Amino acid sequence: MNSTNVNILKLLSQGSFSPESLALYVNVEKNSIQKNIVQINEFLKDNSFDCIKVKDSEFSLTLSIKQWENIFSRKDFITSNEISDYLFIKFIHNKFINLEVEKEILDLSRSSIVRYFKDIKKILDSTGTTYTYQSGKGVRITHVSEECKYVFCKKLVKFFINGDFTLKKDSLLASVLVEYNFMKLFEKLYTTLKKAEISSTNFIISFLSTLFVLNKTLGGFDLKVPNLDYSKYKDLKDFISLTMKEYDKSFQEQTFIFMVNIKNNLSFFEKEIGSKGDILISKIKERLNFSKLDSDLETILLRKICISFFKYENKILKVKNIPIDESDEKLIDILDDILKELNFKLFLHDKISIVSILKKIIIEHNKELVKDVLLLFNEITISDDHYLKDNLKVKAPDINFHIEPAFLYKLNTTLYNHKYNLVLSDESYIYQNIKLLDSYNYLNILNLVNNHILEEVLKGLNL
């Protein structure tokens, strides 16, 4: 099984995908995907597994959890990137490596292990990290540069995210990190993040776990930001000291500084990714006529964009096939135009996630488009319209909702003309611009209002 086939199987373990999507994620031509599927199906047949099937122009593979575990625990189901990451992390972590031993562990030829190590040496040489050969023993690290520590950090974050924090004992990297009790650490970090009112996203937990390893082996990073008053967060610092008292003071301090930085909306991504995120947001604002973004929404958008760049650049295939509607397609087209102009690339799944945030921003920034809404009912009996109106008032206080029976509207439509930005009804009106309601659930109504705002804004963008 080559690396492309392994990655296709990893994707299919997460859902169903079109040939176009698979080609995009594994970076091959669409025409070659069918050949890969044939190869994978031959392997599946030989091992008495169900084969990949096609339904509605999408490939899918249904296996039990045990069968998936059986597949991905095999030694021949490790990609070239995973081998490279494993060797690099082990070398930096242990500050020593014996290529003869690794050749046997990975079941590689001598030429293959030499080729992998040659790529690792390029990273070390380019970052100013030094090493020495010990005759008959192996290669030993003599100095690790700050830049090399960043590379080590990125590869570890990638490992944690790809492993979903399960850290199976039979995985190669888990054997390198066997001395760390990560499950206990995850629990402590979750408790601390909750206290700090910071979302326990997989990227934040991954970064803090990486910081733990880094602190033990290479001393961690100086995360302090000039002009930020950390003394204002004494309660958080005391809580971390109490909750994480069994960890050394250096890691406690770095955890504290990291969390304060996050609370102040500071990025924990490397400068290059942060700069690309800023550039992309600037172009999005310009294209979508966002004169000023709400600071919280802009922070959410920037983090999602930075995460998306990190995933693409580090080939992290944590994705799923998400259904999209017409508004999604229009916004993805806009995003694709901007990315092409900037020569940036992202996975489709992450584009959809970015678009979902953009839709929220568009709606929040254009609420004034809907001030008055008329609700018409006929087939559905509203037993207590005050309950409905009260809920709508709480959820959408700036919108005036007016409820009328449909027959009154039909008797004298002119009385209602030009008085409402939006009319919703439980029955269809062929010749009038009235949107159909499935039910008089306030969430359903608010969803239609939001969709109407989105449609009106997208019309104005001349798509």
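Biologist: What makes the contact between the side chains of D328 and K359 a salt bridge?

Modeller: This is a predicted model, in which local features need pLDDT of at least 70 and side-chain atom pairs count only at pLDDT 80 or more, while totals for chains, interfaces and linings use all residues. Residues are numbered from 1 along each chain as its sequence is written, and side-chain values use heavy atoms, with hydrogens and water left out. A salt bridge is a side-chain nitrogen of Lys or Arg within 4 Å of a carboxyl oxygen of Asp or Glu. For D328 and K359 the N to O distance is 3.0 Å, so the pair meets the definition. D328 lies in helix α16 and K359 in helix α17, so the bridge ties together parts that are 31 residues apart in sequence. A helix here is a DSSP run of H or I with at least four residues, a strand is a run of E with at least two, and both are numbered from the N terminus.

Biologist: Why is D328 called buried?

Modeller: Buried means under 20% relative accessible area, exposed means over 50%, and partly exposed lies in between, with a 1.4 Å probe and protein chains only. D328 has 9% relative accessibility, and therefore counts as buried. K359, at 17%, is buried as well.

Biologist: How do you know that K359 also forms a salt bridge with D325?

Modeller: The closest N and O atoms of K359 and D325 are 3.6 Å apart. K359 is in helix α17 (residues 348-365), whereas D325 is in the loop between α15 (295-313) and α16 (326-342), 34 residues away. D325 has a relative accessible area of 36% and is therefore partly exposed.

Biologist: What links E82 to K10?

Modeller: Their side chains meet in a salt bridge, at 2.2 Å from N to O. E82 belongs to helix α5 (residues 80-94) and K10 to helix α1 (residues 3-12), so the pair ties together parts 72 residues apart in sequence. E82 is called partly exposed because its relative accessible area is 27%. The structure holds 25 salt bridges, and D85, K155 and K158 are linked in a network of them.

Biologist: Why are β3 and β4 said to stand at the edges of their sheet?

Modeller: Two strands pair if DSSP finds at least two bridges between them. Three strands form an open, antiparallel sheet in the order β3-β5-β4. β3 (96-97) and β4 (130-134) each have a single partner strand, so one side of each is left without a neighbour in the sheet.

Biologist: How do you know that β3 and β5 pair?

Modeller: They are joined in the antiparallel sense over two bridges, and I97 stands opposite V139 in β5. β4 and β5 pair over five bridges, with Q134 opposite G138 in β5.

Biologist: What makes β6 and β8 a parallel pair?

Modeller: Strand β6 (residues 372-377) and strand β8 (residues 422-425) pair in the parallel sense over four bridges. In β8, V423 is the bridge partner of L374. These strands belong to an open parallel sheet with the order β7-β6-β8-β9. At its edges stand β7 (400-405) and β9 (435-436), each with a single partner strand.

Biologist: Is N41 buried or exposed?

Modeller: N41 has a relative accessible area of 15%, and is therefore buried. The residue lies in helix α3 (residues 30-46).
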